[in-house]
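Hi,

Here is the structure I said I'd pass on.

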Amino acid sequence: MSHRHGQEGPSLRSIAEPARIVSHEAPSTEVDRLFVEHPELTCVVAEGGVHPLRIVTRRTQATEMTGRLGYGRALHTTRGVGSLAFAAPALVVEGATSLVEAGRLALSREPRDRYEDLIVRDRDGSLRTLGIASLCSKLVDPHAEQAMHDRLTGLPNRELLISRLETALRAGPGSPRPCVLFIDIDDFKHVNDSLGHPAGDSLLVAVGERLRSAFRAQDTIARVGGDEFVVLLSADSEEDAVTTADRVLLALASPFVVDEHRVRVTGSIGIAAANADGSVEELLRNADLALCAAKREGKSRFALYEPSMHVAAMAELELRADLPAATEAGQLRLVYQPIVDLRTGIAKGVEALVRWEHPIRGTVAPLEFIPLAEQTGAIVEIGRWVLETACRQMRAWEDEAPGAADLMLGVNVSPRELQVEGFVGQVARTLLATGLPPERLTLEITETAFARDDMATVATLHALDQLGVRLAIDDFGAGYSSLRRVQGLPVGLLKIDKAFVDPLGTAGPGLVRCMLDLAQALGVQALAEGIEDAGQLEALEELGCELGQGYHLSRPLPPAAVPAWLAAQLPLAAANA
């Protein structure tokens, strides 16, 4: 018989465990094997026969297999599971049934129909089991149940997830290896910012329901905080986990309806399987590292954990710790890459590029430490040092190299620096202290600095323009800025990203021609970055690109090598005079 009643407090589904189901005709040894391989099991559901669903408890199995006369196992190995199951039909209740109602149904059973477990049936037909002792303990202390579940979604919380992970890791040899999927909703903050936090909460509830439909009853889906979910998956292999991750991404792809708004979200997933002697903390950490890798690769995808991810994470942790002292310890240095007039071959300026000489690691690439500096805020102090050092170097070259007094200086500025109060004043004080004229300084900003309508950043850019400093958009085309925003900014130079220059020489002009036309329409100069061979240079010259930089023209030079490089330019300057 099946019972279904309105919900009063926590439901059975939230505390029942996934059921192991066997045919009533299966050999009794099959139940024996399940109990040995899964110490956490209290019972097995026998399906079929006179009564569709009956229960075999661990106690029944042990008693019958031992036998009072000592030959129980020999007898039952030739008989089906049905011979071990209770004669009475199991009490089957719907997953939405409240704990109070389930307790009432259990106590109302006839004395002859005793049992030790309930069968809980979900809406999708899957089965779970719940021991009467466990049910009674929840009824005595209802707050204990609430403390193990997320209040918003009703899903298991971190505490319950960890408890089940510990149980899964203790399973004996031959058991499926626990596998974890760490799921993060991509750019969830945008939903909160645009529709409000109540709408964000509604979306999380809907995501929780969508995730339930993508997993099996025996899998544990937990919300561990914010927009993060962790799934304990009973997978036979990593291939199974990958198939499941694909199913999750597909489930999230359909739009959600939140407060009458159609909302599309994506998810990123990290997958990690348990090691033979691994801990819960290690398993969750590995899944989190895989999630970070999926995010870096572009989101809306999954990544499998690899040991190299942990090695990289430890290296990053060490760099984070060392970075704040890099400036004070004198570990930073600048190199300067010439910017060349492509029509004459004469240097028009240099771009200051920072390098980190780590005392143990040696030279650390900018791609390794600049993102960390952005995240930690160390970029503000690094940027201040770079600007002051480069401006002083420009003035020093004027006494060492002919033509240095006409060079432009390009310095990269991070979005975080633009948000610092008093940044414009800092630039003005540096120019005054070093004696570099403002019109010789170009501050290079990426498109991400103004991709959103940040009025404070826009005001800072206009103030820098009023100061006389030229502004350049670095890596133009690689970001997400709109032409409307570009048109409204006091920009004097567009630096075309290397990704668009690379195909030149082997393919057509592509988007480079469009960018050059755009620069002309805006009345600004264009500079091609990353020129690495003669074919690219020739193509840019034919397109009429005015400025360029790259290894084909000159590699970044240490300060002492710049005067000699400029001196080698004198014949060119004389020829073009």
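This is a predicted model: local features need pLDDT of at least 70, side-chain atom pairs count only at pLDDT 80 or more; totals for chains, interfaces and linings use all residues.

**Helix α10 and what sits around it**

Residues are numbered from 1 along each chain as its sequence is written, and side-chain values use heavy atoms, with hydrogens and water left out.

Back to α10, which covers residues 238-253. (Helices are DSSP runs of H or I with at least four residues, strands are E runs of at least two, and both are numbered from the N terminus.) Its buried residues are A241, T244, A245, V248, L249, A251 and L252. Seen down the helix axis, they fall within an arc of 160°, so they line one face of α10; the arc is that of the directions from the axis to the C-beta atoms. The buried residues of α10 pack against β9, α9, β11, β12 (256-258), β14 and β15, with contact meaning heavy atoms within 4.5 Å.

Now the five-stranded sheet. It is open, with mixed pairing and the order β10-β11-β9-β14-β15 (two strands pair if DSSP finds at least two bridges between them). β10 (220-225) and β15 (302-304) are the edge strands, each with a single partner, so one side of each has no neighbour in the sheet. β14 (residues 267-273) pairs with β15 in the parallel sense over three bridges, and G270 has A303 in β15 as its bridge partner.

Is D184 buried or exposed? D184 is buried, at a relative accessible area of 9%. The D184 side chain makes a polar contact with the side chain of K295 at 2.5 Å. (A polar contact is a pair of N or O atoms within 3.5 Å; within protein, one must be able to donate a hydrogen and the other to accept it, and residues adjacent in sequence count only if both atoms are side-chain atoms.) Beyond its neighbours within four places in sequence, D184 is in contact with residues including D227, T266, S268 and L291.

Cheers

Technical notes. Buried means under 20% relative accessible area, exposed over 50%, partly exposed in between (1.4 Å probe, protein chains only). The expected span of a helix is 1.5 Å times one less than its number of residues.
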